[in-house]
Amino acid sequence: MKKILPVLLLFIIYDSSYSQNAEQKTGTAGTYEVSPIFGALVFEDRSYDNSFMLGVRGLLHITKKYALEGEISFSPTSFRYNVQSEPQVKEDLNVFNLNCNFVYKHTLSPKVSSYGTAGVGFMSFLPESADSNSDLYFNFGGGLKFLFGEGYAFRIDIRQYAPSVDMRFFSPRSGNVIFSPDVSPKADVQKILQLNAGVSFTF
């Protein structure tokens, strides 16, 4: 028993010191993170199929509390629509997401932190047979980060996306880029929920 106590004490001291060093590196101003992510997109409009998503996020720590984040992600899905009196048609659709967010961080413990996010970006919808379209989307959400090594963490996130205005790509038929309220076919989506998880690497 006498031999076990010193070993246990050394382990507690080492673990505490390691956690503090790892935490300092993870949230230090001027450091940045790269996070491969995977998850799901959940569409409010049920004519769109829910789908998995893959992407990557980059984070720049400005201070201990604030950071800037960018994301690019991809999701293959499909949607259904009616063509006059014909049966309902189903078509494949690729969704690309590019956004920039402001992040507020809060430390819960040496190994666990929470954060809230808010930002804006574009979602591009590329159907097989129709014109491609991009929408300006605002998003907000948050998540938890679990530190499991120096510079490494597991993260889980939830984001809510809501469209603002519609931007149609330039085409020879229209001759110009058109900004308008949400009148595109996907305006019926209104909201898209993103659930994801990933691993963060701090540099």
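**Buried charges and a nonpolar core**

A search of the whole structure turns up 9 salt bridges (a side-chain nitrogen of Lys or Arg within 4 Å of a carboxyl oxygen of Asp or Glu). Keep in mind that this is a predicted model: local features need pLDDT of at least 70, side-chain atom pairs count only at pLDDT 80 or more, and totals for chains, interfaces and linings use all residues. Residues are numbered from 1 along each chain as its sequence is written, and side-chain values use heavy atoms, with hydrogens and water left out.

**Salt bridges**

- K145 pairs with E33, with the closest N and O atoms 2.8 Å apart. That pair ties together distant parts of the chain, with K145 in strand β6 (residues 133-149) and E33 in strand β1, 112 residues apart; strands (E, at least two residues) are DSSP runs, numbered from the N terminus.
- Both K145 and E33 are buried, where buried means under 20% relative accessible area, exposed over 50%, and partly exposed in between (1.4 Å probe, protein chains only).
- D157 and R57 meet through their side chains in a salt bridge at 3.7 Å, N to O. Here the link runs between D157 in strand β7 (residues 152-168) and R57 in strand β2, 100 residues apart.
- D157 counts as buried because its relative accessible area is 5%, and R57 does so because its relative accessibility is 1%.
- R159 bridges to E69, with 3.2 Å between the closest N and O atoms. R159 sits in strand β7 and E69 in strand β3 (residues 66-81), 90 residues apart.
- R159 is at 0% relative accessibility, so it counts as buried; E69, at 2%, is buried too.
- Through shared partners, salt bridges join R57, E69, E71, R155, D157 and R159 into one network.

**Nonpolar core**

- The largest nonpolar core has 13 residues, and V95, M123, F125 and I192 touch the most other members. Such a core is a set of buried Ala, Val, Leu, Ile, Met, Phe, Trp, Tyr and Cys residues joined through side-chain atoms within 4.5 Å.
- β1 (32-43), β4 (89-109) and β5 (112-127) each supply at least two residues of this core, and β1 gives the most, with 3.

**Confidence**

- The chain averages a pLDDT of 79, and 72% of the residues score at least 70; pLDDT is the predictor's confidence in each residue, from 0 to 100.
- Over residues 165-188 pLDDT stays under 50, and the model has 46 contacts beyond four places in sequence for them (contact means heavy atoms within 4.5 Å).

Conventions:
Helices (H or I, at least four residues) and strands (E, at least two) are DSSP runs, numbered from the N terminus.
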